[in-house]
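Visitor: I'd like to go through this model with you. Can we keep it quick?

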Amino acid sequence: MRNSLPSYSLIFLFFFTLSCSKKEVEEIQPTKGNVTENVYASGIIKAENQYTVYSTVSGVLQKINVTAGQTIVQGQSLFQIESDKAALNTENARLAYQLSKEDSRYIQDKISEMENKVQVTKDKLTLDQSIYNRNKNIKQYNVISEVEYERVELAYKNSKSNYESALKQSSQLKAQLKNDQNRNTITLKISEKAQNDFTIKSVFSGELFDVLVKEGTLITPQMPLAIIGNKNQFVLELDVDENDMVRVVLGQKIVVALDSYKGKVFDATVDKIYPIMDERSRTFKIEAHFDSPPAKLYPNLTAEANIIIQTKKNVLTIPKSYLIDNEYVLVDKEEKRKVKIGLNDYENVEIVEGLQANETLYKPK
């Protein structure tokens, strides 16, 4: 029996302690404290200017010129897609361009001939116009017969028509030469551009985070090839529910938790809001930068955040679990009293009216 007495004592002490703890938890008094209203957001870490590389053409991936983790400079060749057909098209366009240059010499000679013809017809027009004007002036004195006058007038009109025709032909030849040159030049440039599309280059300098394909793969414009972004410069990309978005503004402070840094929080600031909702997730995208970033970050790390809307200091608060239907509390164990609430966070709620600091509350069952 002596050996069993301590066991009963321990059991009694355990239940006594549990009873006291339960009583302490279930009976409380309002306390003065701070309440911060937050908006929840979740998202990922992205590198500054992070983007996914895509091809604008389809084809077999012939060669990968880079490796993951490599530093990339703007315009550097990343991938080479098989481009035999494009090369042949470019060569054909270049031959057509060279041929057009030879044809242009022939057309240029014809233009020179036509310009000479224009000058001859112009000189003839000048002479015939002079004769016509002189005969027109003396016609009233009956010095020239009607037949002779008509012959002079007809010669003038023919010269004028010939001159205008020569001008028109010269203008058409020049336009033809210019159009042929422009057309073949544009065709060559388009072919060269199309061939260049088979060499995929980096848009800007940064770090190559990942290569997503292998040599020999059939590439399409919808297939991601690589991910590139600024090295050691990161941004928070967060999603905010549409019901909370109206309370989010630029410059608000954010408290961020990362799975990679358990037990730690980091401060950030909202610096960009995308003004359109994602219809599938019913969320808005915002961007934020760390005030003091962690020592080491990687793209696509997950993050959870609380966007601080407002904070009230030294206000009367109670735990949320003591609130009934969001407007009542239990006093004197059985009495339900209506209260007016203010701000609330994940644990506590502000009591604006209906309670005093020295009153005892009971946790509803």
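Visitor: Tyrosine 132 and tyrosine 156: buried or exposed?

Guide: Both are buried. Buried means under 20% relative accessible area, exposed over 50%, partly exposed in between (1.4 Å probe, protein chains only).

Visitor: What should I know about the model and the numbering?

Guide: This is a predicted model, where local features need pLDDT of at least 70, side-chain atom pairs count only at pLDDT 80 or more, and totals for chains, interfaces and linings use all residues. Residues are numbered from 1 along each chain as its sequence is written, and side-chain values use heavy atoms, with hydrogens and water left out.

Visitor: How many aromatic pairs does the structure hold?

Guide: Five. Rings of Phe, Tyr and Trp (its six-membered ring) pair if their centres lie within 6.5 Å; planes under 30 degrees apart count as stacked, over 60 as edge-to-face and the rest as tilted.

Visitor: Why is the pair of tyrosine 132 and tyrosine 156 called stacked?

Guide: Their ring centres are 5.0 Å apart and their planes are at 5°, so the pair is stacked. Tyrosine 132 lies in helix H2 (residues 84-138) and tyrosine 156 in helix H3 (residues 146-196), so the pair ties together parts that are 24 residues apart in sequence. Helices (H or I, at least four residues) and strands (E, at least two) are DSSP runs, numbered from the N terminus. Ring pairs also link Tyr132, Tyr149 and Tyr156 into a cluster.

Visitor: How are tyrosine 261 and phenylalanine 266 arranged?

Guide: Edge-to-face, with 5.5 Å centre to centre and 85° between the planes. Both residues are buried.

Visitor: Switching to charges. What does lysine 285 form a salt bridge with?

Guide: Glutamate 237, with the closest N and O atoms 3.8 Å apart. The pair links distant parts of the chain: lysine 285 is in strand E14, glutamate 237 in strand E11, 48 residues apart. A salt bridge is a side-chain nitrogen of Lys or Arg within 4 Å of a carboxyl oxygen of Asp or Glu. By this rule there are 15 salt bridges.

Visitor: Which ring does lysine 285 lie over?

Guide: Tyrosine 274, at 4.3 Å from the ring centre. The rule is NZ of Lys or CZ of Arg within 6 Å of the ring centre and within 35 degrees of the ring normal.

Visitor: Where do aspartate 128 and lysine 124 lie?

Guide: Both lie in helix H2, four residues apart, about one turn of the helix. Aspartate 128 is buried at 7% relative accessible area, while lysine 124 is partly exposed at 41%.

Visitor: Now the core. Which residues of the largest nonpolar core touch the most other members?

Guide: Leu236, Ile254, Val256, Leu258, Phe290 and Ile307, out of 26 residues. A nonpolar core is a set of buried Ala, Val, Leu, Ile, Met, Phe, Trp, Tyr and Cys residues joined through side-chain atoms within 4.5 Å. Apart from that core lies another of 19 residues, among them Phe198 and Ile228.

Visitor: Last topic, sheets. What is the strand order in the open sheet with E16?

Guide: E1-E20-E16-E17, with antiparallel pairing. Strand E1 (27-28) and strand E17 (335-338) stand at the edges with a single partner strand each, so one side of each is left without a neighbour in the sheet. Two strands pair if DSSP finds at least two bridges between them. Strand E16 (residues 328-331) and E17 pair over four bridges.
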